[in-house]
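The sequence and the model are shown first, and a description follows.

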Amino acid sequence: MRVAVLGGGRSLEHDVSLRGAMAVAEGLAERGHEVVLVDLARDGRWLHLGEPVSLTPGGGLLGADCVFPVLHGPGGEDGSVQGMLELLDVPYVGSGVLSSALSLDKLAAKDSAKAAGIPQVDYVSVSAERWEREPEAVLAAAAPLARPWWVKAAAGGSSLGMEPVSDDAELGPAIERCLQYDQRVIIEASASGVEVECAILGGPPGDTRVSVPGQIVVTGGGWYDHEAKYTEGGMQLLAPAPLPEPVAEEVKALCLQAFAHADCHGLARVDCFVDLDAPGGPSVLLNEINTLPGFTATSVYAQLWGATGIPYGELLDELLAVALSRPRRLPLETPQA
Ligand SMILES: Nc1ncnc2c1ncn2[C@@H]1O[C@H](COP(=O)(O)OP(=O)(O)O)[C@@H](O)[C@H]1O
Ligand SMILES: [Mg+2]
């Protein structure tokens with residue numbers, strides 16, 4: 001199959017994405033596919049072998065049978081590139097426009113999961129306008145939430161545009177710092193326990209597979225900040241996570257529920273908080289869905305599938321097969337009587 005692999009992008013994760021794209025390209029080539037690399041440059045241009053790619057609605061992408069976006073953050077994972085691929089009329093790996101956009105926006109994702117009754121931490125949302133109008137009401141609403149508060153820009157990611165806050169006097173300044181990243185901010189209650197993640201592979205409900213849960217252990221303790229994520233040896237993955245079987249099953253079920261609720265497709269890594277010592281018995285909460293998780297052979301997503309029995313190359317082939325089997329949204333057809 002001829003596969004266009006997209007790497008780079010305009011987000012802070014440009015370099016991480018390029019490493020993932022190279023790994024995917026190598027893995028696909030080893031499986032016998034013809035790979036076409038497309039570099040999404042920092043200036044916004046799409047380049048192939050250094051030359052701008054011509055993008056014409058309905059015109060496909062460099063004759064590819066399928067596109068494999070290996071992009072993270074805004075302008076890659078947020079539905080914008082997915083919208084471009086819809087217009088180019090070419091099948092692609094991963095979630096569509098709506099679920100990509102929904103999952104990347106921390107506030108929209110939380111509001112949507114809340115409406116579906118998916119367990120997660122309590123939170124308060126703050127728009128720039130509300131903060132200006134009634135800061136006291138915002139601080140009062142946040143007061144009962146378990147500390148440290150986690151103040152996050154809705155568009156944040158890679159542990160940037162967010163900070164834990166313990167002191168009352170620091171909450172207002174933290175909100176203002178986060179409002180510089182985005183007009184919408186959330187203040188979350190602190191989750192206790194450990195961070196556990198599952199990899200998801202698949203399409204429609206009933207035909208979606210979930211990996212064993214893996215536990216993130218941050219080297220030297222502390223939270224899973226930017227450094228822990230992107231420094232070699234900054235974290236360790238325990239896969240499978242050392243959880244009692246019923247709790248592991250609960251984590252898997254929650255991850256599948258979150259994936260289905262957000263209408264994700266193909267792949268996602270779903271991140272949870274698990275507290276085995278919660279007062280009312282073990283608690284499992286959704287943290288977030290990553291629709292285009294890191295994708296090198298040593299990334300958490302690939303490691304979780306490795307621990308579940310699907311090696312990297314096979315994983316790539318499965319993702320292509322799932323992408324090609326996805327019903328296309330365009331063009332709309334009149335139902336036949
Ligand atoms: N409510 C919370 N309770 C405890 N830790 C949190 C909470 N929110 C975030 N964290 C810590 O911050 C990290 C990054 O937060 P997250 O919302 O996952 O943002 P990102 O999209 O940048 O990964 C988490 O992996 C966790 O270590
Ligand atoms: Mg995260």
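An automatic or database assignment divides the protein into three parts, domain 1 (2-92), domain 2 (122-188) and domain 3 (192-325). The model is a predicted one. Between domain 1 and domain 2, the C-alpha centres lie 34 Å apart. Contact between these two domains involves four residues of domain 1 and four residues of domain 2. On the domain 1 side, the touching residues comprise two nonpolar, one polar and one charged.

The description now turns to a sheet. Its four strands form an open sheet in the order E6-E9-E7-E8, and their pairing is antiparallel. On average, and ignoring direction, neighbouring strands here are turned by 20° against each other. Helix H6 (residues 135-142) packs on the sheet and touches E6, E7 and strand E9 (184-188). The direction of H6 makes about 165° with that of E6.

Strands E7 (residues 149-157) and E8 (residues 160-165) run antiparallel and are joined by five bridges. These two strands form a hairpin with two residues between them, where Ser158 adopts a positive phi near 55°. The table lists residues that stand opposite each other in this pair.

| Residue | Opposite residue in E8 |
|---|---|
| Trp150 | Pro164 |
| Gly157 | Leu160 |

How values were computed. Residues are numbered from 1 along each chain as its sequence is written. Chains are lettered from A and ligands numbered from 1 in the order in which they are written. This is a predicted model: local features need pLDDT of at least 70, side-chain atom pairs count only at pLDDT 80 or more; totals for chains, interfaces and linings use all residues. Two strands pair if DSSP finds at least two bridges between them. Axes are lines fitted to C-alpha atoms, for helices over the stretch in contact, and angles run from 0 to 180 degrees between N-to-C directions. Two residues are in contact if their C-beta atoms, placed from the backbone, lie within 7 Å. Ala, Val, Leu, Ile, Met, Phe, Trp, Tyr, Cys and Pro count as nonpolar, Asp, Glu, Lys and Arg as charged, and the others, Gly among them, as polar.
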